[in-house]
Amino acid sequence: MREQENQYVLEMKNITKIFPGVLALDKVNLKVRAGTVHVLVGENGAGKSTLMKILSGEHQIDGGEIYFKGTKLDHQNTKSALNLGIAMIHQELSPILDMTIAENIFLDREPTYNFASLDIFVNFKKLYQQTQELLDRLGLKYDPYMKMRELSVAGMQLIEISKAISRGASLIIMDEPTSAITDTEVTMLFNQIRDLKQNGVAIIYITHKMDEIFQIADDITIIRDGQYVDSNHAGYYDENKLISLMVGRTISNIFPKDPAEIGETVLEVKNLTRDGLFKDINFRVRRGEILGLAGLVGAGRTEVARAIFGLDPIDSGEILLEGSPIKVRKPMDVIEKGVAMLSEDRKSDGLVLCRSVLENISMTNLNKFAPGLFIDLEQEAETAKNMIKMLKIKVHSLYAAANTLSGGNQQKVILAKWLLGDLKVLILDEPTRGIDVGSKSEIHKLMCKYAQEGLAIIMISSELPEILGMSDRVIVMQEGRITGELNRAEASQEKIMILATGGKIG
Ligand SMILES: Nc1ncnc2c1ncn2[C@@H]1O[C@H](COP(=O)(O)OP(=O)(O)OP(=O)(O)O)[C@@H](O)[C@H]1O
Ligand SMILES: [Mg+2]
């Protein structure tokens, strides 16, 4: 870019970051103009989140320089970065679950009473009032008194976004803010972003969703394997050019659906009901079939999946596996019978973060490697290595702790774990959330391959192209009920949206 230097609110020069055994960033550059959206793209593990965590003061640099509004920054911590006006929405959210929405948004800066020049007492009335005002302004229908744990991942993302906006920062970092939310909320977010831009706020936006990039970006920077690749105005790129710069090769078919032979019913649910969440849910999924579950955030798709998998109780209804009713009280009841689920909340349900990648991949499959009393360690390692290769998981060692992997690579580890099992039914809640374009098509290919081998797959996805591209049949839910069913040939973006918003297809 040829602009004057002083246009940049942020300049990161030659940033280097080393983790034990990993050169995460190798002399990366990033220049962001005030009042613009700068999209940062790259494959899983490219170094995007690490670069942003340096900016927000969570990591220190091992080399390079950072200038913010012309001043050189040294040894930031998260508090000093916030004070300078740099706020970050994290990829992996970790709200305090027992706090209310209001407490979470105004954590550490709650309004207080001014009492004998002491301001230690939180003014709760004002806290909730301010939160209500903020939520109203952003058009979010949440009750400030609601506990964080009652929110879905999407809800938490929206609250996190509100929090960053409410801080009045001049630079907001959004690390995959829309990975769990659907088009309607994305539109709301983009409107907010346009407002922020007009007020001179700069936004660094990380996403793997191609269509979002060109809707929102003013400038784009691409990094690959910890190295700077290119940067320019958004108009300079098109989708193909961007993908090839990101992955170093061209990818043509993003949804490679390979039809499988569809057999008899494997799993069936009858009148499944959980009061207040979903009611009279009836469907079946057959061998070799990919059943898509579509709907807006809050439609109840995740709740139904969680109930089938034994994570939440049901009030009435039946779950049948290969024709026989089964009692489901906890996940083990169904795991034993060959049902697995990739949950949307990978942090709490999917991974043991402090354990190694190897342990995470093999933990539910130990019987595979233990023909007798002892685990065949060599075979265990060999199998895990194959999975890592197949899913292109970026990890420097089998023994690296799961929490040292990038967000997208953590997701792949959970997938590897389930794919290794002898499964009959696989439930996938947002299987490619946070996964880069290249790996996404690998995962889709694997889904087709497993379906061809007879697996029945239930896939929840907020991305309509993914639903349309992968599903043999689509069930649409709205407010806890099934509002329609479409087969592959009749399913379209418009029809799904009509059913998802309570309309009738005429
Ligand atoms: N705390 C850590 N300890 C060791 N290695 C780490 C740590 N955090 C990140 N890494 C490594 O640094 C590299 C970059 O990771 P980063 O999270 O920045 O990727 P990313 O571009 O955000 O990917 P994604 O799209 O999957 O979120 C990866 O190889 C990752 O394993
Ligand atoms: Mg990341």
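Two strands pair if DSSP finds at least two bridges between them. Helices (H or I, at least four residues) and strands (E, at least two) are themselves DSSP runs, numbered from the N terminus. Before I use that, the conventions. This is a predicted model, in which local features need pLDDT of at least 70 and side-chain atom pairs count only at pLDDT 80 or more, while totals for chains, interfaces and linings use all residues. Residues are numbered from 1 along each chain as its sequence is written, chains are lettered from A and ligands numbered from 1 in the order in which they are written, and side-chain values use heavy atoms, with hydrogens and water left out.

Now the strands. S4 (residues 63-68) pairs with S1 (residues 8-19) in the antiparallel sense, over five bridges. Within that pairing, Leu10 has Phe68 in S4 as its bridge partner. S4 also pairs with S5 (residues 71-72), again antiparallel, over two bridges, and there Phe68 is partnered by Thr71. S4 and S5 make a hairpin with two residues between them, and Lys69 in the turn has a positive phi of about 50°.

Next, the aromatic rings. Rings of Phe, Tyr and Trp (its six-membered ring) pair if their centres lie within 6.5 Å; planes under 30 degrees apart count as stacked, over 60 as edge-to-face and the rest as tilted. The count is four aromatic pairs. One of them is Tyr236 with Tyr237, edge-to-face, 5.0 Å centre to centre with 85° between the planes. For burial, buried means under 20% relative accessible area, exposed over 50%, partly exposed in between (1.4 Å probe, protein chains only). Tyr236 is partly exposed because its relative accessibility is 42%; Tyr237, at 5%, is buried.

Another edge-to-face pair is Phe309 with Trp418, at 6.2 Å and 90°. Phe309 lies in the loop between helix H9 (301-308) and strand S14 (316-321), and Trp418 in helix H15 (residues 407-419), so the pair ties together parts 109 residues apart in sequence. Phe309 has 6% relative accessibility and so counts as buried; Trp418 is buried too, at 8%.

Last, ligand 1. Which residues are the closest to it? They are Lys48, Thr50, Thr404, Ser406 and Gly408, among 21 that surround ligand 1. An oxygen atom of ligand 1 lies 2.5 Å from an N or O atom in the side chain of Thr50, and an oxygen atom of ligand 1 is 2.7 Å from a polar backbone atom of Thr404. The protein covers 89% of the 640 Å² of accessible area that ligand 1 has on its own (Shrake-Rupley method, 1.4 Å probe).

Note on methods
A residue is near a molecule or strand if one of its heavy atoms lies within 4 Å of it. A polar contact is a pair of N or O atoms within 3.5 Å; within protein, one must be able to donate a hydrogen and the other to accept it, and residues adjacent in sequence count only if both atoms are side-chain atoms.
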